[in-house]
Amino acid sequence: MPAFPTRRLAAAAVTAALVVTTLAASPLSALAAEPSPAPPVTAAAATTTSADLSVDMLKVPADALAEAETDDAVSPAAGVTTHPVYVSVATVTAATADDSPTPPDDASIRAAVAQLHDYWWEESGHTVNVTLGGIETRPLDQASCVPATVLNTVHTSAFGGRFARYAWAGTNEHLLVLTRESCGRTAFGTVGGDGGEIFSSYGTGDELGVPVLFHEFGHNLGFGHAGTAMCRSTTSFDGAASDFAYATTTDTKAACPVLEYGDFLDIMGYSVSSARPHLSSVQRVRAGYLTDVTTLSGAGTTRQVVVASLDGAAKGRAVKVVDPISGQDYYLEYRTAAGRDATSTEFGGRSPSCALVATGYTRCALTSDKATGSVRVLRPMTLSGATVSTVALAVGLDASRDPGRRDSHLDAGESFTSAGGGFTVAVRSMTPSGGAVLDVTLAGAAKKPTLAAPTPAPTTTTALTVDRGRQTYGATTRVTATAQVTTADGSAPSGTVTVRDGSTVVGSARVAAGGRAAVTMPGTLAAGAHSLRASFVPDSAAQSGSDSTAVAITVDKAASTSVLTVSARVQKYGATPVTATVTVTGVTGTAPAGTVTFALDGTRIGQVAVARGAASIALPRTAAVGTRQLVATFTPSDASITASTSAPRPVVVSKAKVKATFDWSSARRR
Ligand SMILES: [Zn+2]
C-alpha cells in the first residue's frame with residue numbers, strides 16, 4: 001500500500017482501494033500437477049486489477065504511491081492490536097446446483113480464523129491479534145453471483161449495519177464475506193484503513209481457502225503484492241527506481257519488468273495450493289513488525305554480516321542497505337525450507353519454472369535449494385498500474401551461468417551489485433543452522449553519483465585449473481586448485497577467491513600477485529566425483545565478482561590392508577580353540593573403523609567390530625578335523641576406504657585324543 005506506514009489512518013481521512021485477486025483455476029491446477037515451463041511466473045497466470053467498487057472507495061492517488069521508496073518514517077508497531085473478523089456467509093442464488101460441495105460451516109470458519117490469527121500473530125511479531133467477531137448467514141436471492149455486487153449487498157446490512165458506508169475504517173474490524181457458491185473464483189481485500197472488507201469464494205479449505213484469507217487479510221493490514229523483477233541487462237541486474245515497471249506481457253519496454261505476484265516466498269505473492277510462506281523481511285520491517293534490523297549505510301562501509309533464517313525468532317534476520325549513491329533501500333534476507341517457508345513451492349523440489357521476460361532474458365522460479373536455502377535481494381517499490389509493495393530482484397545465475405537466465409535469489413559464491421555500483425553483497429556461505437554469511441561493501445566516499453549513466457563495475461573473469469585430476473582419500477599428495485582472476489580493464493584484482501565443492505566451501509585464499517589464488521584440497525574430501533568452482537569476491541564495488549566454470553576432480557578410495565595371525569596353527573578338536581586376530585591398517589596414521597568377517601573354508605564363523613585397529617575371534621571348538629583355510633575380510637564403515645581381504649591362513653584341526661593328555665606343551669612349542 002501506498003505510503004507506508006498507513007496504520008494510523010483516521011476514519012474521516014481514509015482513502016482505500018480494493019485489491020482484487022483473481023486466481024485463475026487453470027494455472028493453479030497446472031502448477032499443482034506439473035511444473036510447466038510457462039505458468040505460473042508469466043503475468044497471465046494471475047490477473048489483477050485495482051477496482052473501485054463505489055464512489056465511497058477512492059483509488060489511492062498515483063503520486064502518493066511514489067513516496068514508498070524509502071521507509072525512514074516507519075515506527076515500530078505499538079503494542080497488540082485486536083482485529084475482530086465478522087464472517088458473513090452468503091447464499092447468493094436460490095439455485096442449489098451451484099453450491100460448493102463443502103460450503104463453509106461454523107466449525108471450518110472458526111478453524112480458519114484461528115489459523116488466520118496464528119499466521120498474522122507470528123508475522124506481526126505478536127502485535128496483530130485476530131479474533132472471531134461473529135458468524136452470520138444470509139440468503140441474497142440474486143440471479144447470479146457477481147462478487148462486487150455480493151460484497152456491496154452484504155456490507156450495507158451485515159451484522160446490523162456495522163460495516164455500512166465503510167464504518168470499519170480506523171476500527172481494526174474486518175468483514176469477511178464468504179459464499180456458498182464457487183463465485184467467480186475471486187477474492188479481494190481492501191488496502192489502507194485499519195480494518196476492511198474481504199470477499200472470498202475460495203471458502204475455508206486448507207488447500208487454497210485459508211492461504212487466500214491470509215493474503216487478503218494482509219491487504220487489509222496495508223500490504224501490497226510481492227513481485228519479482230528482472231532487469232534487462234547482463235552486466236547490472238538492477239536499475240534505477242524509474243527503470244522498474246509493471247509488466248503484463250513479455251514485450252514490455254521497461255528496462256526492469258515487474259511481475260506483480262512473482263514472489264513465491266511471500267504470502268503477498270502468488271498463492272499456490274497449500275503454500276503459506278512468511279511475509280518477507282521488507283514487508284515486516286516497513287510495517288514495524290520486525291525491528292531487529294542490521295542497517296548498513298554510509299559510503300565506504302565494509303561489513304561481514306550473518307543473516308539468520310527469517311523463519312524462527314533468531315536475532316539478525318534482516319539487513320537493510322541504504323545505497324550510498326542512489327539513496328535507495330535494499331533488503332537482504334535468508335530464507336530456508338523451515339517452518340512456514342517449507343510450504344513454499346520454491347522449496348518444493350520441482351523443476352524450475354522459467355518464463356521469458358524479453359528476448360534473451362529468462363526469469364526462473366521454484367529454483368531454491370531445500371538444503372541450503374536462498375539469499376534474496378529485495379527492494380520496497382510502488383508502481384503505477386499495480387499494487388506492489390516489494391520486488392525480489394532476479395540476481396542469481398543458474399547452473400548454466402548464463403546472465404540472461406536468472407533466479408530471484410543468490411547462491412553461495414554469488415554476488416550482486418546495485419545499479420550504479422552503490423553496494424555489493426557477496427554470499428560467502430549459507431547453512432540453515434548457521435545463517436548466511438554476507439560480505440557487504442558500500443562504495444567509497446570518493447565515488448560520485450552517476451545516476452544519469454551508471455558505470456558498471458569492471459567485469460572480472462575467473463578461470464580455475466587443477467595441477468592433478470585426482471587424489472586419494474587421506475593421502476598427503478593432494479589437488480591444488482588455482483584460480484586466475486582477470487579484470488577487463490587491466491587493473492589488479494583485489495579480493496578473495498573461495499573454492500567450493502558443490503555448495504561446500506573447501507578453502508579460500510587472497511588473490512596474490514598476477515591475480516592468482518591457490519587452494520589445496522583437504523585430505524578429508526570423500527571418495528567419488530567432485531565439482532570445484534572458484535568464486536572471486538572483490539574487496540570493493542570497483543570490481544565485480546565472477547565465478548569460474550566447474551572443474552571435475554576424482555577422489556580415489558584409500559586402500560586398507562588386513563593381516564591375519566593365529567595364536568596356534570593346530571587346534572585340537574573340542575579343546576581350547578585357536579584365536580584368530582586381524583590387524584587392519586588404512587589411511588596413514590589412522591585406524592579405520594569397520595567390521596571384520598571371519599570365514600573358515602568359505603563358511604562365515606563370525607563378525608567382529610574393529611577396535612584400535614584389530615579384531616579377534618576364537619575358532620569354533622567343533623571345527624571339522626583336517627586342514628582348514630581361515631580368511632578375514634574387513635568392511636570399512638567409511639565409504640572412502642576400500643574393503644580388504646587377508647591372505648588365507650591354514651589351521652590344522654587334529655583329532656581329539658581318547659584320553660586327555662597334556663597336549664598344550666607341544667602346541668605351545670610350535
Ligand atoms: Zn492480492
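**View 1. R612 sits out in the open in this predicted model.** With 7 C-beta neighbours inside 10 Å, R612 counts as exposed, because 12 or fewer is the cut-off for that label. All the views here come from a predicted model, so keep that in mind as you look around. To find R612, go to the loop between β37 (603-609) and β38 (614-618). Check its backbone too: phi is positive, about 50°, although R612 is not a glycine.

**View 2. L366 is a loop residue with a positive phi.** Here's another residue other than glycine with phi on the positive side, this time near 65°. You'll spot L366 in the loop that links β16 (361-365) and β17 (374-380). Is L366 buried or exposed? Count the C-beta neighbours inside 10 Å and you get 22, so L366 counts as buried. The cut-off for that label is 20 or more.

**View 3. Four strands line up in an open sheet.** Read across the sheet and the order is β12-β23-β22-β21, with antiparallel pairing. Which strands form the edges? They are β12 (302-307) and β21 (415-417), and each of them pairs on one side only. The sheet isn't flat, either: going from one strand to the next, the twist averages 20°. As a bit of background, strands of a sheet pair through backbone hydrogen bonds, and they can do that either parallel or antiparallel.

View 4. Zoom in on β21 and you'll see it joined by three bridges to β22 (residues 423-431). The two strands run antiparallel. For a handy landmark, look for F416, which stands opposite V425 in β22.

**View 5. Helices α3 and α5 cross each other.** The pair to look for is α3 (residues 106-123) and α5 (residues 209-220), whose axes come within 10 Å. They cross at roughly 50°. As for handedness, α3 passes α5 in a right-handed crossing.

**View 6. A closer look shows who touches whom between α3 and α5.** On the α3 side, the contact is made by A112, Q115, L116, Y119 and W120. From α5 come G209, V210, L213, F214 and F217. What classes of residue make up the contact of α3 with α5? Sort them and you get eight nonpolar residues, two polar ones and no charged ones.

Note on methods. Residues numbered from 1 in each chain as written. Predicted model: local features only at pLDDT ≥ 70, side-chain atom pairs only at ≥ 80, totals over all residues. Pairing = 2+ DSSP bridges. Axes fitted to C-alpha atoms, helices over the stretch in contact; angles between N-to-C directions. Left-handed = near helix turned anticlockwise from the far one by under 90°. Contact = placed C-beta atoms within 7 Å. Nonpolar A, V, L, I, M, F, W, Y, C, P; charged D, E, K, R; others polar.
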